[in-house]
Amino acid sequence: MSTANTSSLPFTVQDDIEAKEKYAAQQRSSSSRSCNSRRIRLWSVIAFVSLATLCLVSYYDKDSLPSGLIADSTDSNTVHILPVSAEKEDEVNTIKPMSLKDEIMSRIQGHQLIVFSKTYCPFSKKAKRILGLYNLKEPLEVVEVDLRDDDYQVKMTLNDISGRATFPNIFLNGQSIGGADDLEELHETGQLAILLRKNQLLLG
């Protein structure tokens, strides 16, 4: 209703109409602000969900690259997918765990002097006692076979390597020099000291 039409109305009625018009204008303004606020919140939620989805996709795509591909991350902002050569892939696929024989050979070749022993065996104790009389540069390497779960397999493997299936089995420079009786004979004739000195295993 216009001002011209309401000017002739009583003062109280005119005030009432103006108050109603102001209230209606406030309601329209409040409704508009509320709508804008809801719209802003909706767009914020959509943006957050989109960003989270993008991060998840990027993360899982890196971790689940198909076999035969690698990620080149030289550029921190870009991931390049490069093919792995067939030769490299074959090399990875053909890696096998070390066999028991390879493990024992590695131990023998890694120590100039090594004794394969059994903790309860009197002959093994005798051999270790004789070698303990010498001033060795390095601590004597002793493998106590009976403490292993695969002791029988180790015994058979040592037999295959050296032709000896008894303990102790003493190796010097990769070659078996026998057991306790053989070691005792070398010790009593002075040959053991000569062998140890010749191979630079003694101090002084």
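Trainee: Where is Pro168 found?
Mentor: Pro168 is in the loop between helix H6 (151-162) and strand S5 (169-172). Helices (H or I, at least four residues) and strands (E, at least two) are DSSP runs, numbered from the N terminus. Keep in mind that this is a predicted model: local features need pLDDT of at least 70, side-chain atom pairs count only at pLDDT 80 or more, and totals for chains, interfaces and linings use all residues. Residues are numbered from 1 along each chain as its sequence is written, and side-chain values use heavy atoms, with hydrogens and water left out.

Trainee: Which residues does the cis peptide bond join?
Mentor: Phe167 and Pro168, with omega at about 5°. Most peptide bonds are trans.

Trainee: OK, new topic. What does Lys118 touch?
Mentor: Leaving out residues up to four places away in sequence, Lys118 touches Ser124, Glu144, Asp146 and Phe167; contact means heavy atoms within 4.5 Å.

Trainee: And is Lys118 buried or exposed?
Mentor: Lys118 is buried, where buried means under 20% relative accessible area, exposed over 50%, and partly exposed in between (1.4 Å probe, protein chains only). Still, Lys118 has no salt bridge, meaning a side-chain nitrogen of Lys or Arg within 4 Å of a carboxyl oxygen of Asp or Glu.

Trainee: What about the phi of Asn173?
Mentor: Asn173 isn't a glycine, yet its phi is positive, about 55°. Asn173 is partly exposed at 39% relative accessible area.

Key: Lys, Arg positive; Asp, Glu negative; His and termini not counted.
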